[in-house]
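Reader: Hi! Could you walk me through this one while I have it open?
Author: Happy to, here it comes.

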Amino acid sequence: MRRTVLAVTAALLVAEAAGFALVNYVMGVMVDYQQMSLAGMDPAAASKGAWAGAVLTALYFLSCALVLVVAAVRDRAPGRFGRVLLISAAVVTAVVGAAGAALVGWAAFGVMMLLLCAQVLSLVVLGERGDAERGDAERDDSGRGDGDGSPDGTVPGAGPLSPNLEAPQGSA
């Protein structure tokens, strides 16, 4: 199930990259045809900036999709950089969804929230696997405890509530 979630989310991120690139490209074409300028800026610079935004946004979401594909193939959580990349993509999706509700309508908001749900689900699935991997690395050879050699996994002398310490003599 984990690999399926990651693969579907990667495919949705590829579609999101294509959608963002298409919107930015269309904005660049509109700016170019109408010779729009902002505060006296050259219209050609504005259209080229929109096209550069299209390329950069598409590369950003495609790199997120690549991180998910690699995680699905390896069946292993990505490293710190990959997690930060995926979390930032989820934040960008949420912000664009909120802006889409105001500018485009509730249908755009719904689509963006479905994309956000898929991204968050993939992060949760990756988090569960990452926790299991860290837990396996902390275990000792016997498969129990935290590697200190005690049979019940407690640290001797850890404190008054430690299960392997007896109550002091003379107390009830």
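Reader: How does the lining of the largest pocket divide into nonpolar, polar and charged residues?
Author: There are eleven nonpolar, three polar and one charged. Here Ala, Val, Leu, Ile, Met, Phe, Trp, Tyr, Cys and Pro count as nonpolar, Asp, Glu, Lys and Arg as charged, and the others, Gly among them, as polar. This is a predicted model, where local features need pLDDT of at least 70 and side-chain atom pairs 80 or more, while totals for chains, interfaces and linings use all residues. Numbering runs from 1 along each chain as its sequence is written, and side-chain values use heavy atoms, without hydrogens and water.

Reader: Which helix gives the largest share of that lining?
Author: H1, with six residues. Helices H1 (2-34), H3 (80-103) and H4 (106-138) each supply at least two; helices are DSSP runs (H or I, at least four residues), numbered from the N terminus.

Reader: What does Ala21 touch?
Author: Ala21, which sits in H1, contacts Ala54 and Ala58, leaving aside residues up to four places away in sequence. Contact means heavy atoms within 4.5 Å. Ala52 lies 31 residues from Ala21 in sequence, with 9.4 Å between their C-alpha atoms.
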